[in-house]
Amino acid sequence: MESDQMLWDMLKSHIGHQVCIVAYGDTDDPMDICLECEECGEVILDAEIYTVAARGK
């Protein structure tokens with residue numbers, strides 16, 4: 001699978017599902033923030049993994 005199509009296909013597979021944004025760690029300064037599918041329990045996007053640039057403090 002081409003990498004430029006991967007995110008599209010991943011999101012497309014969850015159309016119509018209940019999804020939520022979840023923070024892990026301290027709520028004021030979370031270690032990680034994820035987009036998760038509540039129906040299949042899959043982490044769709046993980047900001048800790050997919051962050052393009054380091055987050056500034």
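## Cysteines

The number of disulfides is zero, where a disulfide is a pair of cysteine sulfur atoms within 2.5 Å. In general terms, a disulfide is a covalent bond between the sulfur atoms of two cysteines. C20 takes part in no disulfide, and the nearest cysteine sulfur to its own, that of C37, lies 8.6 Å away. C37 is likewise in no disulfide; in its case the nearest cysteine sulfur belongs to C40, at 3.2 Å.

The two residues can also be described by their accessibility. C20 counts as partly exposed because its relative accessibility is 21%, whereas C37 is buried, with a relative accessible area of 2%. Here buried means under 20% relative accessible area, exposed means over 50%, and partly exposed lies in between (1.4 Å probe, protein chains only).

## Basis of the model

The model is predicted; local features need pLDDT of at least 70, side-chain atom pairs count only at pLDDT 80 or more, and totals for chains, interfaces and linings use all residues. Residues are numbered from 1 along each chain as its sequence is written, and side-chain values use heavy atoms, with hydrogens and water left out.

## Overall fold

The chain contains two helices and three strands, which follow one another along the sequence in the pattern α-β-β-β-α. Helices (H or I, at least four residues) and strands (E, at least two) are DSSP runs, numbered from the N terminus.

Of the 57 residues of the chain, 19% are buried. The accessible surface comes to about 4,700 Å², and 57% of this surface belongs to carbon and sulfur atoms; such areas come from the Shrake-Rupley method with a 1.4 Å probe, and for residues only the protein chains shown count as cover.

## The sheet

The three strands form an open sheet in the order β1-β2-β3, with antiparallel pairing. Strands β1 (19-25) and β3 (43-46) stand at the edges with a single partner strand each, so one side of each has no neighbour in the sheet. From one strand to the next, the twist averages 30 degrees; the axes are lines fitted to C-alpha atoms, for helices over the stretch in contact, and angles run from 0 to 180 degrees between N-to-C directions.

Two strands pair if DSSP finds at least two bridges between them. β1 and β2 are joined by seven bridges in the antiparallel sense, and V19 has C37 in β2 as its bridge partner. A hairpin of four residues leads from β1 to β2. Strand β2 (residues 30-37) pairs with β3 over three bridges, again in the antiparallel sense. On this side, C34 stands opposite D46 in β3, and E36 has V43 in β3 as its bridge partner. The hairpin of β2 and β3 has five residues between the strands, and G41 in this hairpin takes a positive phi near 70 degrees. β2 is mostly covered, with six of its eight residues buried.

## Histidine 14

H14 lies in the loop between α1 (3-12) and β1. With a relative accessibility of 6%, H14 counts as buried. Its side chain makes a polar contact of 3.3 Å with the side chain of E42. A polar contact is a pair of N or O atoms within 3.5 Å; within protein, one must be able to donate a hydrogen and the other to accept it, and residues adjacent in sequence count only if both atoms are side-chain atoms.

Apart from neighbours within four places in sequence, H14 is in contact (heavy atoms within 4.5 Å) with C37, C40, E42 and I44.
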